[in-house]
Amino acid sequence: QGAVSFAVFNDVHNQVSLYPLLLETAGAPVDFAVFNGDVLQDPQAEPEIADNLLLPMAWFASKSVPCFFLRGNHETRGAFARALKDYLVLPNGKYYTAITFGAVRVLFLDTGEDKADTSPEYSGLVDFDAYLKEESDWLRLEIASDAFRQAAWRLAVMHIPPDWRRAEDKLGHGERRVRERLAPLLDQGKVTAVISGHNHAAEVIEPCPDPNRGFQWPVFVGGAPALAKATVVRVDADAASLRLRRFHTDGIVGAERQWTKP
């Protein structure tokens with residue numbers, strides 16, 4: 001029946017003790033886990049990647065739960081950020097891809113840095129404007145593919161949330177890239193929902209009431225690294241239904257949404 005279940009973690013910021021707690025809170029076994037950005041904190045050296053990314057992945061693997069990793073803005077920073085790719089298996093050498101799991105097509109999107117390429121922190125070493133253009137060109141082809149169009153459900157997992165509510169003059173640089181490069185394609189592809197993090201405040205951004213503006217999908221935003229604010233989003237789907245729930249460390253379901261096919 002195309003059944004699949006998975007858990008999405010975000011903004012752990014090296015607090016690896018959160019994984020066992022949140023996985024238990026999310027309930028029954030899952031087929032895989034997604035690390036949706038800022039699970040590392042500006043990696044400076046190999047031990048930080050080993051301790052805060054590879055060992056948690058190994059812990060999940062010991063439970064027969066494979067992991068997918070997406071960069072957040074903090075994984076693009078630090079002296080060791082450019083070596084990160086040497087420790088991962090990247091599809092086509094990219095930090096973004098799309099995979100079908102049962103009835104669900106999942107877009108794993110890389111939202112890059114949230115600062116401008118010209119920020120003094122980077123000394124001209126980054127070019128995320130061109131990178132997001134390249135990614136959007138790929139996404140345009142992906143949403144036109146048979147694998148995407150024929151899926152019962154289409155989800156996007158991305159670190160920086162696309163948010164229609166923010167005024168243009170209040171947008172950060174990363175938010176603007178997401179709004180201009182990725183959000184219109186998510187509308188064209190008619191995604192069912194988006195799962196994000198970054199804001200350190202759990203919420204659901206409802207679809208824009210004006211369909212002419214796009215953003216016709218809810219965004220489940222995960223919480224912060226503090227124990228009292230940490231969350232995990234659980235996805236359960238089959239050919240007939242899709243269910244998203246955001247669990248908090250105290251076991252409360254902070255948000256829930258369900259879709260069904262006729």
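The model is predicted, so local features need pLDDT of at least 70 and side-chain atom pairs count only at pLDDT 80 or more, while totals for chains, interfaces and linings use all residues. Residues are numbered from 1 along each chain as its sequence is written, and side-chain values use heavy atoms, with hydrogens and water left out.

I start with the sheet that holds β1. Helices (H or I, at least four residues) and strands (E, at least two) are DSSP runs, numbered from the N terminus. Two strands pair if DSSP finds at least two bridges between them. Six strands make up this open sheet, in the order β3-β2-β1-β10-β11-β12, and the pairing is mixed. At its edges are β3 and β12 (253-260), each of which pairs on one side only. On average, neighbouring strands here are turned by 15 degrees against each other, direction ignored. Angles run from 0 to 180 degrees between N-to-C directions, and axes are lines fitted to C-alpha atoms, for helices over the stretch in contact.

Strand β2 (residues 32-36) pairs with β3 in the parallel sense, over four bridges. F35 has F69 in β3 as its bridge partner. Two helices pack on this sheet. Helix α1 (residues 18-26) touches β1 (4-9), β2, β10 (231-237) and β11 (241-248), and its direction makes about 40 degrees with that of β10. Helix α2 (residues 46-62) touches β1, β2 and β3, at about 160 degrees to the direction of β2. Contact means heavy atoms within 4.5 Å.

What gives the most to the lining of the second largest pocket? Strand β3 (residues 67-70) does, with four residues. On a 1 Å grid over the protein atoms alone, a pocket is an open set of points with protein on both sides within 12 Å along at least five of seven lines; a cavity is a set where a 1.4 Å probe fits but cannot get out, and lining residues have an atom within 4 Å of a point. Grid points are joined across faces, edges and corners, and a volume is the space filled by probe spheres set on the points. This pocket holds about 220 Å³ of space. Its lining has 14 residues, with F68, F69, V89, L90 and P91 nearest the centre. By class, 12 are nonpolar, one is polar and one is charged. Nonpolar here covers Ala, Val, Leu, Ile, Met, Phe, Trp, Tyr, Cys and Pro; charged covers Asp, Glu, Lys and Arg; the others, Gly among them, are polar.

Now the other sheet. Its six strands are also open and mixed in pairing, in the order β4-β5-β6-β7-β9-β8. The edge strands β4 (97-101) and β8 (203-205) each have a single partner strand, so one side of each is left without a neighbour in the sheet. β4 pairs with β5 (residues 104-109) in the antiparallel sense over five bridges, and I99 stands opposite V106 in β5.

Helix α3 (residues 128-143) lies across β4 and β5, at about 170 degrees to β5. Helix α5 (residues 173-188) lies across β5, β6 (153-158) and β7 (193-196), at about 165 degrees to β6. The axes of α3 and α5 come within 9 Å and cross at roughly 10 degrees. That makes the two helices α3 and α5 roughly parallel, a label for angles under 35 degrees. Their contact includes F128 and L132 of α3 and L182 and L185 of α5. It has seven nonpolar, three polar and five charged residues.

Last, the cavity. P161, P162, D163, L171, E175, V178 and R179 line the largest cavity. Four of these are nonpolar, none polar and three charged.

Definitions and conventions
Parallel < 35°, antiparallel > 145°, perpendicular 65-115°, else oblique.
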